[in-house]
Amino acid sequence: MIDALASEWLKLRSVRSTWHILGAVVAFVLLMAGFTFYVGSLWDGLPAGQRATLRAAQPERLILMPAQICLAVLGVLTMTSEYATGMIRTSLVAVPRRHTVLAAKAAVVAAVALVAGEVSVFVTFFTGRAIIGDRLIRDFAAPMAEELPKLFATGLSVPMLAMVGLGLGAVLRSTAGAITTVVGLLFVVPRFVVFLPSPWNARVGSVLPEDLTLQAAGEVPLAVGLGKAAGVGLSPAAALTVMALYAVAALGTGAVMFTRTDV
């Protein structure tokens, strides 16, 4: 297993796509710094009486979606690129046990995604606070001790989506198909769920990745807010558990397909 892990780590860090994806995450972090600077400048230009009404999205929340997509793509490419190039045959000759190959891929991708997700969220948060400084902007005024556990919890959604991407890559063996499925799960399905009859819109929405991320931070996103009066929604611990189930289900399905089909 150690040799398999070393092999997968070597493959992951030696391809340009990995660095392009991580570079995209860095670019989004810089973009969030620019956004925060704009918010600060906007606050400076307002009359004193209007500054208290200024609202702005928190950059550490905005960075989550691009980070999730980027690392999900990394998970997809970790599997599908080997099928596209035929490298998967070489990998299975070197390590005939397919469960070991998939487990090594999952461990390496999860580690990279965890670091990338948490670093991008925390760097965005601390950079934003440094730029805002002592400006009394409502959405940047929460106590740091209260925010840090939320940041860690939401950052865990990044490796979860990376595992979903890896599992879908093993099932579909198509880069385009797997990426489209992940994007649909993140963007398309939640938009349609809102139009379901109440309280099913909130019940279904509460277990989708978009709402799970916010519930992990103790917040109430749109779909869950629709059923708030009926007590619909998950605790942060339950939301993190459902996230883990997404990863387990995707990798489990991927393992079945990977071990039972020819390459």
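**Figure 1. Crossing of helix α4 and helix α5 in a predicted model.** The axes of helix α4 (residues 64–85) and helix α5 (residues 87–94) approach within 5 Å and cross at roughly 105°. Helices are DSSP runs of H or I with at least four residues, numbered from the N terminus. Axes are lines fitted to C-alpha atoms, for helices over the stretch in contact, with angles running from 0 to 180 degrees between N-to-C directions. The two helices, α4 and α5, are therefore roughly perpendicular to each other, a term that covers 65 to 115 degrees. On the α4 side E82, Y83 and T85 meet M87, I88 and S91 of α5, where contact means heavy atoms within 4.5 Å. The residues of this contact comprise 3 nonpolar, 2 polar and 1 charged. Ala, Val, Leu, Ile, Met, Phe, Trp, Tyr, Cys and Pro count as nonpolar, Asp, Glu, Lys and Arg as charged, and the others, Gly among them, as polar. Residues are numbered from 1 along each chain as its sequence is written. Local features need pLDDT of at least 70 and side-chain atom pairs pLDDT 80 or more, while totals for chains, interfaces and linings use all residues; side-chain values use heavy atoms, leaving out hydrogens and water.

**Figure 2. The largest pocket.** Its volume is about 220 Å³. A pocket is an open set of points on a 1 Å grid over the protein atoms alone, where a 1.4 Å probe fits, with protein on both sides within 12 Å along at least five of seven lines; lining residues have an atom within 4 Å of a point. Of the 13 lining residues, K11, V15, L77, S81 and E82 lie nearest the centre of the largest pocket. Two or more lining residues come from each of α1 (2–14), α2 (16–45) and α4, and α4 gives the largest share, 6 residues.

**Figure 3. The second largest pocket.** This pocket, of about 180 Å³, is lined by R61, L62, L64, M65, Q68, E210, T213 and L214. The elements giving two or more of these residues are α3 (59–62), α4 and α11 (209–216).

**Figure 4. A salt bridge between K105 and E8.** The side chains meet at 3.0 Å, N to O; a salt bridge requires a side-chain nitrogen of Lys or Arg within 4 Å of a carboxyl oxygen of Asp or Glu. K105 in helix α6 (residues 98–132) and E8 in helix α1 are 97 residues apart.

Note on methods
Parallel < 35°, antiparallel > 145°, perpendicular 65-115°, else oblique. Points joined across faces, edges and corners; volume = space filled by probe spheres on them.
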